[in-house]
Amino acid sequence: MSKVHTEKEPLFHITKREDLPIWSKAGIRIAAVALAILLCMILSYILIGINPLKMLGSMISGSFGTKRRIWKFLKDLSVLLCISLAVTPAFRMKFWNIGAEGQALIGALASVACIIGLGGKIPNALLLIIMFVSSVVIGAIWGVIPALCKALWNTNETLFTLMMNYIATFIVSYFLMIWTPSGSSTLGMLNFGYLPKLGHEYLLLILVVAVLTIGLYIYLNYSKHGYEISVVGESQKTALYIGINVKKVIIRTMVISGALCGLAGFLIVSALDHSVTTATIGGQGFTAIMVSWLGKFNPIYMALTSFLITFLDQGASQISTDFNIDSAFPSVIVGIIIFFIIGCEFFIYYKINFRHKAVKEAK
Amino acid sequence: MKKLLSLILACAMVLSLAACGGKDAKSDFKIGVILLHDEASTYDLNFINGIKDAAKTLGLKDDQVIIRRNIEEGNACYEAAADLVDQGCKIVFADSFGHETYLLQAAKQFKDVEFCHATGTMAHTEKLDNFHNAFASIYEGRYLAGVAAGLKLQEMMKADSKVTPKIGYVGAFTYAEVISGYTSFYLGVKSIVPEVTMEVQFTGSWYDEIEEKNAAAALIDNGCVLISQHADSMGAPSICEERKVPNVSYNGSTAAACPNTFIVSSRIDWAPYFEYICNQVMDGKKIDTDWTGTISTGSVVLTEVNTKAAAADTQKKIDEVKAQLLNGSLKVFDTKTFTVNGAPLSADHLADVDTDDAFTPDTKVVKNGYFAESEFRSAPYFDVQIDGIKLLNAKY
């Protein structure tokens, strides 16, 4: 067949690679990051005339420059990872939950509502338990509404979960207006419901997320539920054939997803902000999607991708500060690096075959 | 531009190396500025310009001013403040209302660093030695802008007897800062056209270009012949230009985009405050707990009058009224000039000056026949609904 069409063969064609050894995969990824950084350094010199090496230094110092920055880095990583873990069970099931932003925000709102209603009236430990339960339950409810509609009427979960984000945001605006009779719509730090300190003030938060990461890894890979999730994700028909109740799995998994988002909201309120605004989650519900995808829906890999995204974020902010420029250029740099990282995945799974090579093979 | 920037950076490095020789209070000094957004927001840009002007006047070098942009109103603000302290800042400043409690958290921890917060309300009740609030008597600027609007309205009424003296105002929330702003503007107009009435439409957001545009359009449809706004976006000014309705702006001139309708704009210039706090710290002196910039400190300024849209002799009248405000013969909130439900404002009127959870009115604010705005604390607390102003949607 090939000998007839040799001269008409395209310049190149793409074929799927056999699984590469782990060191080659790592090599491709490292090369991609190195290339991206090189390009960023060139651009930073040409476009805004800053010393490329200094820019790189600034990026690293943003995350690791001082002891405080390292703690902040670990804290930010943990919060992002927590939300990313939350969306992962749903993604494994190919249920495109892009409503983590709203699920976490409504969870944060629930915690704040508990503080406003009960703060100072009951012991702190009891308040924390009530906050925790409320956040997790409301997060689960926020997640399960689209799942129920999907299971019952096959609604589009992407649009549904997206819309639920806006509803959550406006509910927060509404409550802020009610809670601030002065009209400022700003609560500020509340005085109750502080998570106890375990050594460093962020240590408990970091440990909770670490345990959650391992727990979710085991749940997804070594439990019956995890297996069911994977089967439903691969093929709903197969799942039905082997006797899995698909509707039940969808609903159960979204309860877990929503509940974990609610937990993230609870952690943000009780350990960090002690307040809520419409920007409390700050887009992390969407960044989490990228973390989860890049981490191949594997909680352990996701810890690495959260590390990367947090590092880029802090680095961008530090570049803006050190070179006294607005956030536009640092965002371009982050964009380029992420583009290269996502792009290199293509070369890990596919091979480009050029024409002459194809001809040789045909002979 | 790029080359210029790198040249400046290079110079700064050389200078900073040179400066290592003799260390004194001034070369050791650093100030950190925390901003909610970056240059893209007119609100934050106003602070960036302020600190840059102040640094130039004081001769501060580039590495003595550290600006942190896009800092959310949460734990991020505390982290940014603590990081600035680590970098050796002697003053940490934050620009957004929601930053206040997180800046306070840092102030309690780092006692030998001064923390200054614009628009906040808690310094005078928290009583920390190193935590300070600042604002400006922008109501005086609004009043002056109102005078310019009044002259325009008068001119329009003379030219066409069918023009009814009704004006519109786009506000953010029913918050004291906004109420103080639109009331002073209204009183400025009223000083020229006594029969004027005003309608206020709220957007429920500090920055929402589309909502602001819609609100202004609704007011124009309602028969308002002149518009002003609290909000920072180009929403209201641009629809005014489109509909050929005169506009009084805020935070800076919109003349470039609205050449036919822009009259004048008032704004706060933060440079005097930055100069003040830097000088106090470098001289080892205390910073005021509440600092209110005024016309005389150069903190309350008006842009140039756009003669193409404004009435004749507007600048002359503004200068005249400004002189009266400066010598104290004129008070913006003179209780003789307005009524509340048909009666003059009670001399025993209480306002919520000391912030508490229930927002209880706690301080007598009327003295010598005027409402003493920004005298008991820097942030505005005028929250009286006066006659002649109709709130179309007070839900916010």
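Reply: The contact takes 28 residues from chain A and 34 residues from chain B, two residues being in contact if their C-beta atoms, placed from the backbone, lie within 7 Å. The model is predicted, so local features need pLDDT of at least 70 and side-chain atom pairs count only at pLDDT 80 or more, while totals for chains, interfaces and linings use all residues. Residues are numbered from 1 along each chain as its sequence is written, and chains are lettered from A and ligands numbered from 1 in the order in which they are written.

On the side of chain A that touches chain B, the elements that give two or more residues are helix H4 (67–92), helix H11 (246–273) and helix H13 (299–322). Helices (H or I, at least four residues) and strands (E, at least two) are DSSP runs, numbered from the N terminus. H4(A) gives the most, with three residues. By class, this side of chain A has seven nonpolar, 16 polar and five charged residues; Ala, Val, Leu, Ile, Met, Phe, Trp, Tyr, Cys and Pro count as nonpolar, Asp, Glu, Lys and Arg as charged, and the others, Gly among them, as polar.

Helix H13 of chain A also holds A:Ser306. This serine counts as buried because it has 28 C-beta neighbours inside 10 Å; buried means 20 or more other C-beta atoms within 10 Å, exposed 12 or fewer, and partly exposed in between, with C-beta atoms placed from the backbone. Apart from neighbours within four places in sequence, A:Ser306 is in contact with A:Leu77, A:Leu80, A:Leu81, A:Ser84 and A:Val291.

The loop between helix H12 (284–294) and H13 of chain A contains A:Phe297. Its phi is near 60°, a positive value in a residue other than glycine. Most residues other than glycine have a negative phi. A:Phe297 counts as buried, with 21 C-beta neighbours inside 10 Å.

From A:Ser306 to A:Phe347 is 41 residues in sequence and 22 Å in space, C-alpha to C-alpha.
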